[in-house]
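Me: I would like to learn how to read a model like this one, feature by feature. Please give the general idea each time and then the case at hand.

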Amino acid sequence: MKRLAILWVLILPFQLLAAVSNINGVVIDGVSKKPIAGAFVFINQSQQYALSDGAGQFSINDSTAPEIELVVSKKGFETLVYRLTTNKPPATIKFEMLASVFPKVSAGDSLRKKYEEIFLQRFIGMSINTRETIIGNKEALHYSFNDTTGMLMVTSDEMLQIINDGLGYLIYYDLSDFLYSVSSGATSFNGYCFFKNLSTRNEAVKIKWNERRQLAYAGSLLHFNRSIINNSLRQNGFKLHKINRISENDKGYKAALKASNILRNGSEMVGGKNVEFIEVVDTDTIPLNKVVSRNDNGEVFLNSSESIIVDYEKQTRTILGLLINEEPLPVSTFSLMNFGDQKVRICKSGLYFAKSDLFVQGFMKEKMADLLPADYQKK
């Protein structure tokens, strides 16, 4: 579980506040008020982090991004998240951590392997980097299945350590939640992370890492968001489409069944009768101003009253054919975006806030085998 941090800010004169170059703070136990040592303090999806010392103190080099999420994670405590939306951070941030009160329920050994396979496929993902991406502390994962809802839930009692030798990163990932529906296959997970570069003297490995990172970036959610910021969505190969639902009672239904742009089929009750339908990707593109808005302060927002499809036409990614003769297989270029009630604000780095109001499936879904830090820049 996550909760917003309780913060005490030491106020300094404006001139001094503007000169702050580091993010400094202290982590203490919210009950005993004693300092907490060994807590990870990091800027979400970055390569900037620190460990609190024996006095609970930490210092992180200030991010060049004016909008960040500062996260504090420690085994046995609830994770704290503090959002900084200014490039003038408080001089001192005080985090009070509370012990985690939510019990971890694990499946028995007979089911753990089955649940682990489901989790890894959807959390790590299926890409050229999959076989080179492992979780070093899988024992921290806990699985539980709700027979009533048919939902698999996965939690972790400490930060996951994910070694991605395909991209050359060690990722520390604080898993907030993971839910998988057995009936529909729908998957959602959220969390906070930071990155450390793996090291090597092998020049061939360095070249591989650079090439794989470029491949992972192309068509990613990070790439998509930056393209929106820079007004270069179409130039970078992204197209937006609406989704059309065609009922079996509609003219053209039989012809549409043969189309190649079908997303899904299903049925619904209409007037007491079960009516079948299909959903297809509209061939026309959606104008950018229908889903993107900017305010007078230059902030950029993404929102739509309907689900949209993002098609990345320049994609060159493949996945390993794990079951089909080890041959690379093409990847679908479609991503499905569903929106909540609030507009999603996109930062210049390519990160976005109001994550609960944007649900992404498909090509752009961020999974560990292809996840990049927000400060990634193509070389």
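Me: Where does A99 lie?
Reply: Helices (H or I, at least four residues) and strands (E, at least two) are DSSP runs, numbered from the N terminus. A99 is in the loop between strand 8 (93–97) and helix 2. This is a predicted model, in which local features need pLDDT of at least 70 and side-chain atom pairs count only at pLDDT 80 or more, while totals for chains, interfaces and linings use all residues. Residues are numbered from 1 along each chain as its sequence is written, and side-chain values use heavy atoms, with hydrogens and water left out.

Me: Is A99 exposed, partly exposed or buried?
Reply: Buried means under 20% relative accessible area, exposed over 50%, and partly exposed in between (1.4 Å probe, protein chains only). A99 has 46% relative accessibility, so A99 counts as partly exposed.

Me: Which residues is A99 in contact with, leaving aside neighbours within four places in sequence?
Reply: Contact means heavy atoms within 4.5 Å. For A99 the partners are G76, F77 and E78. T79 is 20 residues from A99 in sequence, and their C-alpha atoms are 9.5 Å apart.

Me: How does the length of helix 2 compare with what its residue count predicts?
Reply: The expected span of a helix is 1.5 Å times one less than its number of residues. Helix 2 has 15 residues and should therefore span 21 Å; its end C-alpha atoms are 20 Å apart, which agrees. Just after helix 2, G125 takes a positive phi of about 95°.

Me: Which residues of helix 2 are buried, and what covers them?
Reply: The buried ones are R112, Y115, E116, I118, F119, R122 and F123. Their cover includes strand 9 (133–135) and strands 10, 11, 12, 13 and 14.

Me: R122 is in that list. What is the nearest side chain of opposite charge to R122?
Reply: Lys and Arg count as positive and Asp and Glu as negative, with His and the chain ends not counted. A salt bridge is a side-chain nitrogen of Lys or Arg within 4 Å of a carboxyl oxygen of Asp or Glu. R122 is buried but has no salt bridge, and E117, the nearest side chain of opposite charge, is 8.7 Å away. Not counting residues up to four places away in sequence, R122 touches F178, Y180, G185, T187, F189 and K367.

Me: How many residues are in the largest nonpolar core?
Reply: A nonpolar core is a set of buried Ala, Val, Leu, Ile, Met, Phe, Trp, Tyr and Cys residues joined through side-chain atoms within 4.5 Å. The largest here has 31 residues, and F119, F123, I162, Y173 and L175 have the most contacts inside it. Elements that each supply at least two residues include helix 2 (109–123), strand 12 (160–164) and helix 3 (203–217). Strand 13 gives the most to this core, with six residues. Outside its sequence neighbours within four places, F123 has contacts that include I135, L160, I162, Y173 and L175. A second, separate core has 25 residues, including F238, Y352, V360 and M364.

Me: Which residues other than glycine have a positive phi, for example?
Reply: Q45 is one of them, at about 55°, and N231 is another, with phi near 55°. Q45 lies in the loop between strand 3 (40–43) and strand 4 (49–51) and is buried, with a relative accessible area of 6%. N231 lies in the loop between helix 4 (221–229) and strand 15 (238–247) and is partly exposed, at 48%.
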